[in-house]
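Here is a short report for a reader meeting this structure for the first time. Please look over the sequence and the 3D view before reading on.

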Amino acid sequence: MAFKEKEDWQLHPIGGNTGRAYMGVKSDEKVFLKRNTSPFIAALSASGITPKLRWTQRTYSGDILTAQDWTDGELLTKDNMADEAVIKLIKDIHDSTYLLNMLRFVEGKACRPLDLIDLYFRDLAPSLQNHHYFNQVIQSLEDSIDDDFYQADYVVCHGDLNHNNFLVSSDEQLYLVDWDNVRVADPLSDITLLLVQYLPPSAWMEWFEAYDFNMSDSFYKRVRWYSILNCLFLIKQYFNENRHHKLNEIVLLLKSIYEQN
């Protein structure tokens with residue numbers, strides 16, 4: 001990859017599904033480089049949510065390359081997803097008016113429930129498209145959308161609250177990285193993705209209490225709705241990754257939530 005004035009950087013691809021992330025090395029300097037990430041990264045960096053943004057530049061090929069401080073540290077584990085620091089960081093992001101205004105300026109419209117259902121069907125494997133039970137669940141979700149879903153407060157949502165996206169630096173600063181799926185949406189769409197992956201439903205209320213969520217009839221309805229949809233998203237992901245054991249686990253969870261009165 002060639003790019004203006006930075007051609008002496010050595011680029012080393014690093015993990016991730018997009019193939020757009022690199023470690024850049026020049027002399028004794030090291031940075032995290034990514035192609036075509038959201039311009040919203042500047043606001044996240046300014047808020048201390050991601051490592052510091054160093055520079056942004058257009059490459060000869062027309063891509064936008066961003067460089068951030070390389071942060072030595074450790075990724076969180078699955079067991080950390082109910083930690084106070086994790087919950088606080090997520091809540092701080094959801095509560096930030098500054099981030100919300102910046103994302104609305106960059107991305108435009110909010111992501112509504114039907115938009116998320118459309119996203120589920122995008123590039124869905126034919127065997128899942130034709131799955132009778134999953135389609136029954138989707139139809140039920142569509143039928144149950146009411147005004148509560150549109151009157152909820154919409155916030156900045158990370159869109160992929162996976163433990164591998166939380167990084168603790170050597171000076172114990174907690175960062176949330178990989179913002180490729182960022183959207184303006186119901187915070188419960190964000191939180192329930194974390195919950196269905198890492199915690200049994202019996203532990204969800206304790207997590208919400210630590211977050212200090214306002215619990216109402218609308219809250220319970222939306223928790224169920226978004227947790228079901230996020231189960232379907234995980235089924236889609238695990239199916240594509242051939243992770244059959246995880247797929248079976250999440251199908252059982254989906255049935256438990258969906259069939260519970």
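## Serine 189 and its helix

Serine 189 is buried, with a relative accessible area of 8%. Buried means under 20% relative accessible area, exposed means over 50%, and partly exposed lies in between (1.4 Å probe, protein chains only). Serine 189 sits in helix H8. Helices (H or I, at least four residues) and strands (E, at least two) are DSSP runs, numbered from the N terminus.

This is a predicted model: local features need pLDDT of at least 70, side-chain atom pairs count only at pLDDT 80 or more, and totals for chains, interfaces and linings use all residues. Residues are numbered from 1 along each chain as its sequence is written, and side-chain values use heavy atoms, with hydrogens and water left out.

Not counting residues up to four places away in sequence, serine 189 touches Leu116, Cys157, Tyr226 and Asn230. Contact here means heavy atoms within 4.5 Å.

## Aspartate 186

Aspartate 186 lies in the loop between strand E10 (183-185) and helix H8 (187-198). Is aspartate 186 buried or exposed? Aspartate 186 is buried, at a relative accessible area of 0%.

Its side chain reaches the backbone nitrogen of leucine 188 at 2.9 Å. The side chains of aspartate 186 and arginine 222 are joined by a polar contact of 2.7 Å. A polar contact is a pair of N or O atoms within 3.5 Å; within protein, one must be able to donate a hydrogen and the other to accept it, and residues adjacent in sequence count only if both atoms are side-chain atoms. Leaving aside neighbours within four places in sequence, aspartate 186 is in contact with Ala152, Asp153, Tyr154, Cys157, Arg222 and Tyr226.

## Helix packing

Two packed helices are described by the angle between their axes and the distance between the axes. Axes are lines fitted to C-alpha atoms, for helices over the stretch in contact, and angles run from 0 to 180 degrees between N-to-C directions.

| Helix pair | Axis distance | Angle |
|---|---|---|
| H8 and H10 (residues 217-240) | within 8 Å | roughly 60° |
| H6 (residues 132-144) and H11 (residues 244-258) | within 12 Å | roughly 40° |
| H2 and H9 (residues 204-211) | 9 Å | about 60° |

H8 and H10 are therefore oblique to each other. Angles under 35 degrees count as roughly parallel, over 145 as roughly antiparallel, 65 to 115 as roughly perpendicular and the rest as oblique. H8 passes H10 in a right-handed crossing. A crossing is left-handed if the near helix is turned anticlockwise from the far one by less than a right angle, and right-handed if clockwise. Residues of H8 in this contact include Leu188, Ser189 and Thr192, and those of H10 include Arg222, Tyr226 and Asn230.

H6 passes H11 in a left-handed crossing. Tyr133, Phe134, Gln136, Val137 and Ser140 in H6 meet Val251, Leu254, Lys255 and Tyr258 in H11.

H2 and H9 are likewise oblique to each other. The crossing of H2 past H9 is right-handed. From H2, Ile87, Ile90, Lys91 and His94 meet Trp207, Ala210 and Tyr211 of H9.

## Strands and a sheet

An open sheet of three strands has the order E6-E8-E9, with antiparallel pairing. Strand E6 (73-75) and strand E9 (174-176) stand at the edges, each with a single partner strand, so one side of each is left without a neighbour in the sheet. Two strands pair if DSSP finds at least two bridges between them. Strand E8 (residues 166-169) is joined to E9 by three bridges. Leucine 167 stands opposite tyrosine 175 in E9. Helix H2 (residues 84-95) packs on the sheet and touches E8 and E9. The direction of H2 makes about 50° with that of E9.

Elsewhere, five bridges join the antiparallel strands E4 and E5. Threonine 56 has threonine 66 in E5 as its bridge partner. E4 and E5 form a hairpin with five residues between them, and glycine 62 in the turn has a positive phi of about 95°. Threonine 59 lies in the loop between strand E4 (53-58) and strand E5 (64-69). At 5% relative accessibility, threonine 59 counts as buried.

## The whole chain

The chain has eleven helices and ten strands. Buried residues make up 48% of its 261 residues.
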